[in-house]
Each structure stands twice: as structure tokens, then as C-alpha cells.
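Reader: I have a model open and would like to go through it with you. Can we take it piece by piece?

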Amino acid sequence: MNPVTNYRESTPSQLSNNGEGCNGVCIMSTTWKDEQHPSFISFISSFLTENSFRLNFVSIAPDFIFNCGGVSVAFVFVTSWDSGCTESIYSKIQKLKEQFAHFYVVVTLPTKDQNDYFIRSYFKHGMEFGRPTFIPVQDLEMGFEKIVKIAHARGVCKKHDAIAKLKTEREKSVQSMDVYVKVVTSIPGIDSHDAIALNQAIGSIEAIAKASKEHIVENTDLSTEKAETITRFFRDQKYYLGIKLK
């Protein structure tokens, strides 16, 4: 276990959860947990509770996996850096970076000597910049706070991307419907209401072109005369060639 026993009281980051009650789930490795001082685990638990995260303990390869906003973010949190553990740490990192799209390594480096040794070992082991991203910190609490903020930020970005995608799809749908209405209302006697009714009951323009007069009458509120006009429009060459789009 780490010898450090005095941790500052939990200092919530006030991460927004938009009133949804939970920012996400934090899964902590049971192996990593057993290597830490109980007071640090208590700090983590309090910090997560204050920031609306649920905490679970599971046997996992990374030290932490956060599930936020539909995205998983994995972390290795090195709380004690010394020359005797670098080989196993880098070996673990090399394996995990291929398994997770979002993966970070947080390293506690409270002294200049440790920081210098870390830099030398980083290049010695041939690490690629950004694969994964290494985050040096001065103390354990700072390290965990950064972990939570990164996970939360990833979740927020994922949510914003989803909202933007839905907005784009909705705009495309509206534009597609506008084109649909313009085409269908180019048929003599057919108005916007008729076009919407045909879209809801029959479907695409191709489906309307194949539908019989009887089928249109049975499934919409269009009159027999309008249904007959529609079938003539799509099947009578002389008729549809004489129509001009509005």
C-alpha cells in the first residue's frame, strides 16, 4: 500500500449532469484498489458521490473505466512511480492502448527526479505521442480529479455529437419532405394535405406510382377522382409528359 495517509477533504468539481441525476459510472479495478491506502479510496468514493458518479469494483485490466454519456474511457493511474515498476507498467499500457479508443495514463510525479526519470523511460520504451496520452500530476487527489474531468468531458462531447447528428438528420428529413411535397403537388388537383396523407399511408413516390386507385382510396381520405388522377399521372405517358413542375 502507499504510505501516504493524509488526504484533503473531497473537493467536488461541480460537474454538470443537466439535472439527470447521474453523470456516469466509475468502475475501479479491485487489484488497483487493494494496492491503495484506504483513506485514498475513501477520498475517491466521496469525490465521485459529490459529482454524481456511481462507483463499482470489478476485476478489470485498466485501473478505471468510466462510462459517461454512452462512451467508455479507460485509465491507468500510476500512484507510485519508481524504477522497479516501469517495465510492467509500460507493458500493460502497450496492451491496453489497442483495446480502448479512449485511453489515458495518469502518473503521479511529485519530485523533479521522478519527473526526469519518467521522461527518460518514456522515450526508452518507444512510446508514441498521444497513444495513449500521458498526464503527469503532482499528487494523488489532483490525478483522480483530472481522471473524472476527462471522463466527464468525453461524455459531454459524445452527447453533443449525438444531438448535432440528430439535428442534421432532422434537417435532412425536413428538406426531403419538402421535395416530396413539391413533386406530389405537381399532380393536378393534389394539395399539400393530400401529399402528406399519401406519404403517411402509402409511402415513397415510387410506392405511390405503383399503388392502384382502389388502394389509395382505401388508405387515405382522397376522393376517387383524385386517386384516379394520381394513377393516370404515373401511368399515362401523354398525361404525365404534359405536366409542368411548379
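Reader: What comes after helix 6, and what is its phi?

Author: Helix 6 is followed by Gly203, whose phi is positive, near 115°. Helices here are DSSP runs of H or I with at least four residues, strands are runs of E with at least two, and both are numbered from the N terminus. This is a predicted model, in which local features need pLDDT of at least 70 and side-chain atom pairs count only at pLDDT 80 or more, while totals for chains, interfaces and linings use all residues. Residues are numbered from 1 along each chain as its sequence is written, and side-chain values use heavy atoms, with hydrogens and water left out.

Reader: And at the start of helix 6, what does Asp191 reach?

Author: A side-chain oxygen of Asp191 comes to within 3.2 Å of the backbone nitrogen of His193.

Reader: Which residues of helix 6 are buried?

Author: Helix 6 covers residues 192–201, and its buried residues are Asp194, Ala195, Ala197 and Leu198. Buried means under 20% relative accessible area, exposed means over 50%, and partly exposed is in between, with a 1.4 Å probe and protein chains only.

Reader: Where do those buried residues sit, seen down the axis of helix 6?

Author: They fall within an arc of 165°, so they line one face of helix 6. The arc is taken from the directions from the helix axis to the C-beta atoms.

Reader: Switching to charges. How many salt bridges does the structure hold?

Author: Seven. A salt bridge here is a side-chain nitrogen of Lys or Arg within 4 Å of a carboxyl oxygen of Asp or Glu.

Reader: Which residues are linked in a network?

Author: Salt bridges link Lys97, Glu98, Glu128 and Arg131 in a network. In one of its pairs, Glu128 and Lys97, the closest N and O atoms are 3.6 Å apart. Glu128 lies in the loop between helix 4 (112–124) and strand 6 (133–137), and Lys97 in the loop between helix 3 (86–96) and strand 5 (103–108), so this pair ties together parts that are 31 residues apart in sequence.

Reader: Is Lys97 buried or exposed?

Author: Lys97 counts as buried, at 11% relative accessibility.

Reader: What about Glu98, which side chain does it meet?

Author: Glu98 forms a salt bridge with Arg131, at 3.5 Å from N to O. Glu98 is in the loop between helix 3 and strand 5 and Arg131 is in the loop between helix 4 and strand 6, so the pair joins parts that are 33 residues apart in sequence. Glu98 counts as exposed at 54% relative accessibility, and Arg131 as partly exposed at 34%.

Reader: What joins Arg131 and Pro132?

Author: A cis peptide bond, with omega about -5°. Pro132 is found in the loop between helix 4 and strand 6.

Reader: Back to salt bridges. What does Lys210 pair with?

Author: Lys210 pairs with Glu206, and their closest N and O atoms are 3.2 Å apart. The two are four residues apart in helix 7 (residues 205–210), separated by about one helical turn. Lys210 is exposed at 62% relative accessibility, and Glu206 is exposed at 53%.

Reader: Now pockets. How much space lies in the largest pocket?

Author: About 410 Å³. On a 1 Å grid over the protein atoms alone, a pocket is an open set of points with protein on both sides within 12 Å along at least five of seven lines, and lining residues have an atom within 4 Å of a point. Grid points are joined across faces, edges and corners, and the volume is the space filled by probe spheres set on the points.

Reader: Which residues lie nearest its centre?

Author: Of the 20 residues lining the largest pocket, Trp32, Glu35, Asp63, Ile89 and Lys92 lie nearest its centre. Helix 1 (30–34), strand 4 (71–78) and helix 3 each give two or more residues to the lining. Helix 3 has the largest share, five residues.

Terms used:
Polar contact = N/O pair within 3.5 Å; in protein donor to acceptor, adjacent residues only side chain to side chain. 1 Å grid on protein atoms, 1.4 Å probe; cavity = no way out; pocket = protein on both sides within 12 Å on 5 of 7 lines; lining within 4 Å.
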